[in-house]
Amino acid sequence: MNEHAPQRDSEAAAVELIAVRAENPGPMTLAGTNSYVLRDGDQVWVVDPGPKDPEHLAELLMTCGTDARPQGVLVTHRHLDHTAGAATLARQLSARSGLEVPLRAADQSAVPGSRPLPATLEGDHGTVGHVIHLPGHTSDSVGVLVAGGRMLSGDTLLGGSSTVIVPDDGGSLTEYLQSLAILRAMAVDGRIGSVHPGHGPVYDSPLDVLEALEQAIAHRRDRIEQVRRARTAGVLTMERLLRVVYGAELPEQLRDAARWNLRATLDHLAEGH
Ligand SMILES: [Zn+2]
């Protein structure tokens, strides 16, 4: 917490949260990447600019507004469906406002041109958001808890679908389960009232959020148990495990994601869980 930031308490000082969906639908991106604009008076932040699609970036620029004072472009993790347009958008916002607009990411080596994420986003009227580290999907995944209990969850919790753990990007099922536990504890505490995911629809009540988290945790626990039982029964190779655990009807375009999740599950078991 920044002790010097003024407390935000009046309705008039509410931070506006605007979602802009990119037209990049697919098996991993669902209906497309959700980009978010946070507005506090004339100060704006953009979270996950999404793909480098000129129309999408133009829509984000318009949403920020011509009179805006852009404070930064943030990404929730390294994947291109969240970051590819980030540097371009930061430049465009900078050119229009005459301000320096930093690109910020948890892992600078994974996002060229970025600087570290701040712990909090501070506006003229108080704290606009807190950055919460939520590794698991990738090692650099974060959420942004926007004032008013609105959690931008990136790909840690998706709307209406389960995410993929990507071991090649430092993803870890052990860390993912810890991140889900952090989110659940925050939700139980009343700190999260809604979740705005990187893909898919919003969970717009505390109960929906808690149910989604419980479901995500139960889903992983089920998978871990299935893999454990299959291995005990003598199913040892990746391809055989894939068939036994996911079934023969697994669509081709989800096969890679299933392989990554399976590898993450095997790593989790190998850690002694
Ligand atoms: Zn994504």
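A: Pro 167 is partly exposed, because 18 other C-beta atoms lie within 10 Å, while a buried residue needs 20 or more. The model is predicted. Pro 167 sits in the loop between β10 (150-154) and α4. Setting aside neighbours within four places in sequence, Pro 167 contacts Trp 260, Arg 263, Ala 264 and Asp 267. Ala 119 is 48 residues away from Pro 167 along the chain. The C-alpha atoms of Pro 167 and Ala 119 are 26 Å apart.

Now the core. The largest nonpolar core holds 58 residues. Leu 38, Val 46 and Val 146 touch the most other members. Helix α4 (residues 173-188) gives the most to this core, 5 residues. In soluble globular proteins, nonpolar side chains tend to be buried together. Take Val 146 in detail. Not counting residues up to four places away in sequence, Val 146 touches Val 15, Leu 17, Leu 38, Val 128, Gly 129 and Leu 152.

Last, the helix pair. Helix α5 (residues 206-232) and helix α6 (residues 238-246) have axes that come within 10 Å. The two axes cross at roughly 125°, which means that α5 is oblique to α6. The crossing of α5 past α6 is right-handed. From α5, the contact uses Gln 226, Val 227 and Ala 230. From α6, Leu 241, Val 244 and Val 245 take part. By class, this contact of α5 with α6 has 5 nonpolar residues, 1 polar residue and no charged residues.

Note on methods. Residues are numbered from 1 along each chain as its sequence is written. This is a predicted model: local features need pLDDT of at least 70, side-chain atom pairs count only at pLDDT 80 or more; totals for chains, interfaces and linings use all residues. A nonpolar core is a set of buried Ala, Val, Leu, Ile, Met, Phe, Trp, Tyr and Cys residues joined through C-beta atoms within 7 Å. A residue is buried if 20 or more other C-beta atoms lie within 10 Å of its own, exposed if 12 or fewer, and partly exposed in between; C-beta atoms are placed from the backbone. Helices (H or I, at least four residues) and strands (E, at least two) are DSSP runs, numbered from the N terminus. Two residues are in contact if their C-beta atoms, placed from the backbone, lie within 7 Å. Axes are lines fitted to C-alpha atoms, for helices over the stretch in contact, and angles run from 0 to 180 degrees between N-to-C directions. Angles under 35 degrees count as roughly parallel, over 145 as roughly antiparallel, 65 to 115 as roughly perpendicular and the rest as oblique. A crossing is left-handed if the near helix is turned anticlockwise from the far one by less than a right angle, and right-handed if clockwise. Ala, Val, Leu, Ile, Met, Phe, Trp, Tyr, Cys and Pro count as nonpolar, Asp, Glu, Lys and Arg as charged, and the others, Gly among them, as polar.
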